[in-house]
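Please take me through the labels used for this model, one at a time. For each, I want the value and the cut-off behind it.

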Amino acid sequence: MALCESINKSRNVHCNTGFSGVQAVGFLPKINGGLTLTAGDVFEGTGMTGSVYKFFLKNDANTYSEEIAADENTGTVVYNGTLTLTLPVLDRETRDQVKLLAMGQSHVFIEMYDGKKLLMGAEFGASLTGGTIATGGARTDMSGYTLTLTSKERRPIVFVGATGSTIYNSAINLTGMITPQ
């Protein structure tokens, strides 16, 4: 009979020093077999090849959440991640990139305002599963893209370590960056 893991640490109350929000995301086309993680499920850059395409974000409508789906009957746990992004301003070049995102899978780096970096879809990738391309009726309504990316992983969200962050930053490709008008 296999020994099941169990909780092994207490947790104290945190000071009011937290700061939340997503300031940017980086898309790395999915690598077959996923990215390599350390024993503590941290990404330190091993196995990363290719360019990362960074989308800068500027509003409060960008969120990440993860649902834990545990099934006692089968003994399985799946972590379902959902990343919602808002990209203001309709433009043809962004439309073309959204189309490419919808056709493939990516490893998605989530850059937080507090300096942390998270990695969504480390093993199986994340897919663009929904969204809208729309313009509002009033002059002050949002005109642009709302995107929903989802992932199903065997591990919870992965934190990017110091070495992984350096490798990620060096892989960012800003050549030909889109500046919506």
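Q: Where does Leu-174 lie?
A: Leu-174 sits in the segment after helix 2 (162-171). The model is a predicted one.

Q: Why is Leu-174 called partly exposed?
A: Its relative accessible area is 40%. Buried means under 20% and exposed means over 50%. Leu-174 falls in between, so it is partly exposed.

Q: What makes Phe-56, Leu-174 and Met-177 a nonpolar patch?
A: A patch takes residues with over 30% relative accessible area and no salt bridge, and nonpolar side chains are joined within 5 Å. Leu-174, at 40%, is over that area cut-off. Together, Phe-56, Leu-174 and Met-177 have about 290 Å² of accessible area on the surface.

Q: What is the volume of the largest pocket, and which residues are closest to its centre?
A: The volume is about 640 Å³. The lining has 24 residues, and Lys-54, Phe-55, Met-177, Ile-178 and Pro-180 are the closest to the centre. Strand 3 (53-56), strand 5 (76-88) and helix 1 (92-103) each give two or more residues to this lining. Strand 3 gives the most, with four residues.

Q: What classes of residue line the largest pocket?
A: Twelve are nonpolar, eight polar and four charged.

Q: What makes a space a cavity rather than a pocket?
A: In a cavity, a 1.4 Å probe fits but cannot get out, whereas a pocket is an open set. The count is one cavity of 30 Å³ or more. The largest cavity holds about 80 Å³ of space, so it passes that cut-off.

Q: Which residues and strands line the largest cavity?
A: The lining has 14 residues, with Ala-122, Glu-153, Arg-155, Pro-156 and Val-158 nearest the centre. Strand 4 (63-71), strand 7 (117-120) and strand 9 (143-153) each supply at least two. By class, eight are nonpolar, two polar and four charged.

Q: What stands out about the phi of Asp-41?
A: Most residues other than glycine have a negative phi. Asp-41 is not a glycine, yet its phi is positive, about 55°. Asp-41 is in the loop between strand 1 (22-29) and strand 2 (42-43).

Q: Why does Asp-41 count as partly exposed?
A: Its relative accessibility is 28%. That value lies between the 20% and 50% cut-offs, so partly exposed is the label.

Q: What is the phi of Val-89, and where is Val-89 found?
A: Phi is near 85°, a positive value in a residue other than glycine. Val-89 is found in the loop between strand 5 and helix 1. With a relative accessible area of 32%, Val-89 is partly exposed.

Notes:
Residues are numbered from 1 along each chain as its sequence is written. This is a predicted model: local features need pLDDT of at least 70, side-chain atom pairs count only at pLDDT 80 or more; totals for chains, interfaces and linings use all residues. Side-chain values use heavy atoms; hydrogens and water are left out. Patches are made of residues with over 30% relative accessible area and no salt bridge: like charges are joined within 9 Å, nonpolar side chains (Val, Leu, Ile, Met, Phe, Trp, Tyr) within 5 Å. Accessible areas come from the Shrake-Rupley method with a 1.4 Å probe; for residues, only the protein chains shown count as cover. A salt bridge is a side-chain nitrogen of Lys or Arg within 4 Å of a carboxyl oxygen of Asp or Glu. Buried means under 20% relative accessible area, exposed over 50%, partly exposed in between (1.4 Å probe, protein chains only). On a 1 Å grid over the protein atoms alone, a cavity is a set of points where a 1.4 Å probe fits but cannot get out, and a pocket is an open set with protein on both sides within 12 Å along at least five of seven lines; lining residues have an atom within 4 Å of a point. Grid points are joined across faces, edges and corners, and a volume is the space filled by probe spheres set on the points. Ala, Val, Leu, Ile, Met, Phe, Trp, Tyr, Cys and Pro count as nonpolar, Asp, Glu, Lys and Arg as charged, and the others, Gly among them, as polar.
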